[in-house]
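These exercises ask the reader to find features in the structure shown below. Each task is followed by a solution in steps.

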Amino acid sequence: MVSSLFSVDDQAQAIWVYLEHTDGNLENVSLEMLSEGRVLADQMGWPLVALLLGHGIEDMCQEAFTYGADQVSLAEHKLLEDFTIEGYTSVVYQILLQSKPSVVLLGATHNGRDLAGRLAVRLRTGLNADCTGLRINPDTGVLICEVSGFGGGVLALIEMQSHRPQMATVRPGVFSLREITAVPSETIVRPSFNIQPKDIYTKYIERFGGGDRIDLTGSPVLVAGGRGIDGDFQMLETLAQLLNGEVGATRPPVDDGYIERERQIGQTGVVCSPKLAVCCGISGAFHFVVGIEKADTVIAINKDAKAPIFDHADYCIVADVKQIVPQLIDALK
Amino acid sequence: MHPLNIIVCLKVVPKSEEIMVNTETMAIIREGVRSEINPPDMNALEMALTLKDRYGGQVALLSMGPASFENYLRVGLSVGADHAYLLSDPLFAGADTLATTYTLAQGIIKLGGVDVVLCGEESADGATGQVPAGIAEWLNIGQLSMLSNLELDLTRRVGRGRRDIKGGYEIVEVPLPCVVSVQTACNEPRFINFERNPWAFSDARVITWNAADLEANFECIGLRGSPTIVTGLAEADDRDRRHEYIEGTAHEIAQKLAALLENLLEGV
Ligand SMILES: Cc1cc2nc3c(=O)[nH]c(=O)nc-3n(C[C@H](O)[C@H](O)[C@H](O)COP(=O)(O)OP(=O)(O)OC[C@H]3O[C@@H](n4cnc5c(N)ncnc54)[C@H](O)[C@@H]3O)c2cc1C
Ligand SMILES: Nc1ncnc2c1ncn2[C@@H]1O[C@H](COP(=O)(O)O)[C@@H](O)[C@H]1O
């Protein structure tokens, strides 16, 4: 086996979290990882370090401290203003090789996955993608990643003995946010790195980000529709408005173009933890269920009494959604 | 200018709806489970064939897996690809992302002179979406991920694509050669062309390479080249739910539900 660029013997006992941001705000998934990282760091007595790249972004450090970072490693440069995979990979790689942290966590967003995928190869180390749980063996310092396996129901535990850093990506919504009150130390460190204009070759030709930003993860109520509603999301929208919630969907209606991809719930969509999820015309495939497992209460309406969604519901209604939902809307009005 | 060379990385996966788990042994039951081409990879193949229709050139399929993948590669040939290469060797087995991407990159190097490597968004069994970035890194070339459309400028030698971002989209350009991952369901994959079947299913249509053919570093492939190890399987804890049935006429159900919702959402 080829060894990683640094080994267990050279590692620094520390947990690093890579912070992602858009338009001056840290992404929720980054804060969620800090919250979880804080718990692991306390268990181990290790520092929690947040890694932040960009330009003119020092303001964001405070939020990282609020969510548990002991230290922010801040890399600012004009060439880091936009995320480019080559620029960011190069700078993060340089910083990781200087600090040699034992554990590095990244969000499983598009850019986070790209960055993690490239870094792991460049560092010749392993990468556990889309972890649903993280633990550290207190005796060995080995990170144990929980990954949901084949067809669900099974969790695989994956770890790495001799390669460092131990890299993992975590999906948005998997960990809960926890602000901390007592802050051990708040230091900002500016590591040295080298980046040249010739290193950057990705060009942004056009960017439009002014549309509605749909974020289901923050909504207390979700009204989710599946193939069984035959594309009638208008009806669900009315219900969602009455309940002050958002409309979500399974993958088939998204693939069929009935509704925005940002509204897809599940393994390849978002993982949500609302107070209430109402599932309409959804069979309850594992790929979907992982997205609502953390809901406080689940109501399912499906005309097939054998639909697996009922195994995951608190309140079960075996009926035609097209009859129930309009009447429910009337009743709520 | 050489004709455009496109490679599509294609994986064969067990049909996800047929996979079951033996809850006693926590082992995956594979008997009787049918396989299929990883559905997102059909979107990558469709993008490749669209590029070929527009710019000419050729499309090669590349897959790492057991010999049983061969017939699925023939399906890809029948759909429209020109060549198919299967990287198959017992030594490749047990590969994690690091070893998989190394092996696929070695295959691409052996094919020589590629312009665009297309991958699906993620594999239905691995579902990590980490392979495209890993291939790009081993090859030290640019990448565009989650594209819903791709255009090439063969004079300037760049690829330009569109991808969705929060609240909108962006159009991004990188030099060729590059690795691209294709957004699932962004296009309508074409069907098998039955006229191509006799050709696609004739002998020697799929070329198989083993580790020695790839001149692979044996330390980097398969289980040996995989730093991560699965140390255990556990049953996902099912949340306890009430499983209470609400029954009656549609009207009665609606009334009961409305009352329940008002109760549940008090204070939200
Ligand atoms: C790698 C991979 C990732 C995936 N990721 C996701 C994901 O993130 N999210 C996701 O949702 N899926 C995902 N899927 C797809 C998933 O496996 C299922 O196919 C999908 O969730 C099924 O959606 P559905 O329940 O809407 O449709 P179906 O399974 O077709 O179910 C429709 C249901 O509606 C009921 N119904 C029909 N008409 C009515 C009516 N009038 N009234 C009441 N009930 C009615 C039917 O009884 C049926 O149970 C993924 C699949 C793969 C392979
Ligand atoms: N064994 C393989 N052979 C060929 N292509 C693969 C293989 N594994 C992954 N890929 C490609 O990489 C994409 C992403 O896979 P993954 O990173 O496993 O989710 C897939 O959609 C395929 O295009």
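**Exercise 1.** State how many salt bridges the structure holds over all chains, then examine the pair A:D70 and A:R38.

Solution. Step 1: a salt bridge is a side-chain nitrogen of Lys or Arg within 4 Å of a carboxyl oxygen of Asp or Glu. By this rule the structure holds 33 salt bridges over all chains. Step 2: A:D70 and A:R38 form a salt bridge in which the closest N and O atoms are 3.0 Å apart. Step 3: A:D70 sits in the loop between helix 2 (61-66) and strand 6 (71-76) of chain A, and A:R38 in helix 1 (residues 28-44) of chain A, so the pair ties together parts that are 32 residues apart in sequence. Helices (H or I, at least four residues) and strands (E, at least two) are DSSP runs, numbered from the N terminus.

Conventions for this and the later tasks: this is a predicted model, in which local features need pLDDT of at least 70 and side-chain atom pairs count only at pLDDT 80 or more, while totals for chains, interfaces and linings use all residues. Residues are numbered from 1 along each chain as its sequence is written, chains are lettered from A and ligands numbered from 1 in the order in which they are written, and side-chain values use heavy atoms, with hydrogens and water left out.

**Exercise 2.** Describe the interface of chain B and chain A.

Solution. Step 1: with contact taken as heavy atoms within 4.5 Å, 83 residues of chain B are in contact with 84 residues of chain A. Step 2: the two chains bury about 7,200 Å² between them, 59% of it on carbon and sulfur atoms. Buried area is the accessible area (1.4 Å probe) that two parts lose on being put together, summed over both. In chain B, the residues that lose the most area to chain A are B:Q130, B:E137 and B:R241, together 9% of what that side buries. Step 3: seven salt bridges are counted between chain B and chain A. In a salt bridge of A:K203 with B:E173, the N to O distance is 3.7 Å. Step 4: helix 6 (250-264) of chain B is among the elements that supply at least two residues of the side touching chain A. Helix 6 of chain B gives the most to that side, with eleven residues.

**Exercise 3.** Which strand of chain B pairs with strand 11 (residues 154-160) of chain A, and in what sense?

Solution. Step 1: two strands pair if DSSP finds at least two bridges between them. Step 2: strand 14 of chain B pairs with strand 11 of chain A in the antiparallel sense, over seven bridges. Step 3: within strand 14 of chain B, B:A234 stands opposite A:L155.

**Exercise 4.** Locate ligand 1 and list polar atoms of chain A that lie beside an oxygen atom of ligand 1.

Solution. Step 1: ligand 1 lies between chains A and B. It is surrounded by 27 residues (a heavy atom within 4 Å). Step 2: the distances to an oxygen atom of ligand 1 are as follows.
- A backbone N or O atom of A:R251: 3.0 Å.
- A polar side-chain atom of A:Q264: 2.9 Å.
- A polar side-chain atom of A:S283: 2.7 Å.

**Exercise 5.** Where is B:P177, and what kind of peptide bond joins B:L176 and B:P177?

Solution. Step 1: B:P177 is in the loop between strand 11 and strand 12 (178-182) of chain B. Step 2: the bond between B:L176 and B:P177 is cis, with omega about -5°.

Methods
Polar contact = N/O pair within 3.5 Å; in protein donor to acceptor, adjacent residues only side chain to side chain.
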